[in-house]
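Reader: I work on computed models and would enjoy a close look at one part of this one, with the rest of the fold as background. Please give me the cut-offs behind each term as you go.

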Amino acid sequence: MKAVLDHVGIAVQDVDKALAFFRDALGLEVEVTEEVYSQRVRAHFMPTGQSALELLEATATDSAIAKYIGKRGPGLHHITLRVPDIRETLAQLKTRGVRLVDEQPRPGAEGALVAFIHPSAAHGVLVELKQAARRLVEQWVTQMALGDLRLTTVSDGSFRLDGGAMFGVVPRPLWEKKAPPDDRGRIVLAMRALLVEADWGRMLIDCGAGDKLDAKWSDIFGLERTRSLDQTLAEAGVAPEAIDVVLATHLHFDHMGGAVSRTASGLVPHFPKARYVIRRGEWEAALEQHPRSRGSYFTDDFLPLERAGVVDFFDEDREIRPGVRVVRASGHTAHHQVVYIESGGKTAVCPADVVATQAHIQDNWIAALDLFPMESFAFKQRFLREAIDREHLIFFDHDPSISAGYIREKDGKRTVQRVI
Ligand SMILES: [Zn+2]
Ligand SMILES: [Zn+2]
């Protein structure tokens, strides 16, 4: 086990007095203040080189910190060691008979997973183990906690689309700096699905292109499934049989191609135990096979689902499962939807093709592929304003280098602060 000192936690009774010492007298800076609702604690992080001090303030009388202070008074509360794989570390400790407070990791601050070792096993010191939000396998699998939910991005590889088509009226000299095109004018786009794990089960939001594209179209779209969704799901410890719900943002092949597999017995749902939750308006538009949009809708990606009786249709914006709700975002298609994920007072959003990559965080950087670009603009303007003002964590399904981050705005200039 390779552990690194992450931070030292100090329980404080009066945070203003504590800041007067640590910040004002010692000259440390508070970098982040975060509420950890599940623990009823407010944590103030003060970096000290490679590590940090964490001032812990109780936000309720039944908080563990309040109880600790009541028993022992303020002071050193815990040390935190950062480990690469918290589950592996806990398993190792268990086999050595080390007494644990948490046998399973739980969500901590900043998207981390944490677990405590009992002080009796650690010579009187409360030791916290932490696995930071991180890339499990480069950008193929990334994982973080959001309140009580675990969010894992799982890649189905990448594909390529014409750069001009992805940026609409934006001139190439502007977009090519952010998304360099290949010799055929195409830019690389990731295909990432989002796995949501909760006490009600496992949901996959979108599921990549799958393996049904023939050689000609695989070449046109530069499809590269060096790691397929099944492989990345396996790296996250999840088999296709373990998926309970597949939620479609829309039915384009790069989002729902993976829903159906070609087998010896024909086309079958790829996730055998899942319900497939699909907006009726999007389904009807996809079936229409209009010449303007049929290049992105392949009926083999969704008709077999209906034949297998595994589709749950719905019409209006609604909560799909506790903490997961959809909002219609017409523009890219008439019934495209964005997915809001809410837990522990935090909000993450899958905007899918409304904000496909970090280059699309400007209101007017809209794909020429969009069927109703003025509607895209109107939705995006509202959506991005709210995302910035309310600090929504954005998942960029198609961005080749960032899985999720916050959009920051300073002096009218927008940037993305990476989280995973
Ligand atoms: Zn699309
Ligand atoms: Zn897409």
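Author: Helices (H or I, at least four residues) and strands (E, at least two) are DSSP runs, numbered from the N terminus. On that basis the protein has 11 helices and 25 strands. This is a predicted model, where local features need pLDDT of at least 70 and side-chain atom pairs count only at pLDDT 80 or more, while totals for chains, interfaces and linings use all residues. Residues are numbered from 1 along each chain as its sequence is written, chains are lettered from A and ligands numbered from 1 in the order in which they are written, and side-chain values use heavy atoms, with hydrogens and water left out.

Let me set the background before we zoom in. The C-alpha trace spans about 70 × 50 × 40 Å along its principal axes. For 420 residues, a compact globule would have a radius of gyration near 22 Å, and the 23 Å of this protein agrees with that (the radius is taken over C-alpha atoms, and the globule rule is 2.2 Å times the number of residues to the power 0.38). Of the 420 residues, 52% are buried; buried means under 20% relative accessible area, exposed over 50%, and partly exposed in between, using a 1.4 Å probe and protein chains only.

The buried residues in helix 11 are Ser376, Phe379, Lys380, Phe383, Leu384, Ala387 and Ile388. As background for that spacing, an α-helix has 3.6 residues a turn, so residues three or four places apart point the same way. Just after helix 11, Glu391 has a positive phi of about 50°.

Seven strands make an open sheet in the order 19-20-21-22-23-24-25, and their pairing is mixed (two strands pair if DSSP finds at least two bridges between them). At the edges stand strand 19 (318-321) and strand 25, each with a single partner strand, so each has one side left without a neighbour in the sheet. From one strand to the next the twist averages 35°; the axes are lines fitted to C-alpha atoms, for helices over the stretch in contact, and angles run from 0 to 180 degrees between N-to-C directions. Inside the sheet, five bridges pair strand 21 with strand 22 in the antiparallel sense, and Val339 has Cys350 in strand 22 as its bridge partner.

The whole structure holds 26 of them, counting a side-chain nitrogen of Lys or Arg within 4 Å of a carboxyl oxygen of Asp or Glu. One of these joins Lys130 to Asp6, with the closest N and O atoms 3.1 Å apart. Lys130 is in strand 8 (residues 127-131) and Asp6 in strand 1 (residues 4-11), so this pair ties together parts that are 124 residues apart in sequence. Both Lys130 and Asp6 are buried. Another salt bridge pairs Asp219 with Arg184, where the closest N and O atoms are 3.4 Å apart. That pair links distant parts of the chain, 35 residues apart, with Asp219 in helix 6 (residues 215-220) and Arg184 in the loop between helix 5 (172-178) and strand 12. Asp219 counts as partly exposed at 42% relative accessibility, and Arg184 is partly exposed too, at 46%. Through shared partners, salt bridges also join Asp363, Arg385, Asp389, Glu409 and Arg414 into one network.
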